Amino acid sequence: ALERQTATAEILKVISSSPTDVQPVFEAIVRTCQRLFGGRAVVIAGKRPPLLRKHAHPPVFRNQADGD
């Protein structure tokens, strides 16, 4: 429970420090998920017609996620 509370607090801190730019928020969510889920690959994507747009993914997987 403490880990989840800490993760939530970290993400809320990023949200409050970046009210108009969502990218840092998505990146904080990815970092937090990696920590909570043991470093597994995490990708956040949103549907923005007509293409699927990636918002954030861990740097280690960036080339693979982009298809490079």
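1. The model is predicted. The crossing of H1 and H2 is right-handed. The residues that make up the contact of H1 with H2 comprise nine nonpolar, three charged and one polar.

2. As for where these two helices lie, H1 covers residues 2-17 and H2 covers residues 23-36. Their axes are 9 Å apart, and the helices pack at an angle of about 165 degrees. Angles over 145 degrees count as roughly antiparallel, and H1 and H2 are therefore roughly antiparallel to each other.

3. Which residues does H1 bring to its meeting with H2? They are Glu3, Ala7, Glu10, Ile11, Val14 and Ile15. On the H2 side, the partners are Pro24, Val25, Ala28, Ile29, Thr32, Arg35 and Leu36.

4. Turning to the whole protein, its secondary structure consists of three helices and two strands. Along the sequence these elements come in the order α-α-β-β-α.

5. The protein has 68 residues, and 24% of them are buried.

6. How much of the contact in the protein links residues 24 or more positions apart? Taking the contacts with a separation of 6 or more, such pairs account for 28%.

Key: Residues numbered from 1 in each chain as written. Predicted model: local features only at pLDDT ≥ 70, side-chain atom pairs only at ≥ 80, totals over all residues. Heavy atoms only, no water. Axes fitted to C-alpha atoms, helices over the stretch in contact; angles between N-to-C directions. Helix = DSSP H or I, 4+ residues; strand = E, 2+ residues; numbered from the N terminus. Parallel < 35°, antiparallel > 145°, perpendicular 65-115°, else oblique. Left-handed = near helix turned anticlockwise from the far one by under 90°. Contact = heavy atoms within 4.5 Å. Nonpolar A, V, L, I, M, F, W, Y, C, P; charged D, E, K, R; others polar. Buried < 20%, exposed > 50% of the residue type's maximum accessible area, 1.4 Å probe, protein only.
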